[in-house]
Amino acid sequence: MKIVYHRHFEKQFQSLSPMLKTKTIAAIARFVHDPHDPLLRNHPLKGALLGKRAFSVTASFRVVFEEYDHYAVVLMLSVGTHNQVYR
């Protein structure tokens, strides 16, 4: 799996607290190991974000991404609270 970070994701990530950065890095590592790990709650999105997916970092914190070729390439699009990433 190749992970690519969109500049929007990188900008949001840099503004996170050290604790959330650590949790996000751990969630991405878990995702790379198994994108369908039940703890991540990986799910497809609807509406304006149709075609994209998201997984959970914490109960209220998400990473939105697009996957290509059955997870051969993953583009991380945004990271933040539910309200920040789903608008």
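# Exercises on strands, a helix and a buried residue

Four bridges link β3 and β4, and the two strands run antiparallel. The model is predicted: local features need pLDDT of at least 70, side-chain atom pairs count only at pLDDT 80 or more, and totals for chains, interfaces and linings use all residues. Residues are numbered from 1 along each chain as its sequence is written, and side-chain values use heavy atoms, with hydrogens and water left out.

**Exercise 1.** Sort the residues of β3 (residues 53-56) by the way they point.

*Solution.* 
- Recall the rule. In a regular strand, side chains alternate between the two faces of the sheet.
- Arg 53 and Phe 55 point one way.
- Ala 54 and Ser 56 point the other way.

**Exercise 2.** Which residues of α1 are buried, and which are exposed?

*Solution.* 
- Helix α1 spans residues 7-14.
- Its buried residues are Phe 9, Gln 12 and Phe 13.
- They cover an arc of only 100 degrees around the axis, so they lie on the same side of α1. The arc is taken from the directions from the helix axis to the C-beta atoms.
- Arg 7, Lys 11 and Gln 14 are exposed on the other side.
- The buried residues pack against β1 (2-5), α2 (18-33), β4 (61-68) and β5.
- Check Gln 12. Its relative accessibility is 16%, so Gln 12 counts as buried.
- Gln 12 touches Leu 77, Ser 78 and Val 79, leaving aside residues up to four places away in sequence. Contact means heavy atoms within 4.5 Å.

**Exercise 3.** Is Met 76 buried or exposed?

*Solution.* 
- Locate Met 76 in strand β5 (residues 73-81).
- Its relative accessible area is 0%, so Met 76 is buried.
- Beyond residues up to four places away in sequence, Met 76 touches residues including Phe 9, Ile 28, Phe 55 and Val 64.
- Ile 28 is 48 residues from Met 76 along the chain, and their C-alpha atoms are separated by 9.7 Å.

Methods
Buried < 20%, exposed > 50% of the residue type's maximum accessible area, 1.4 Å probe, protein only. Pairing = 2+ DSSP bridges.
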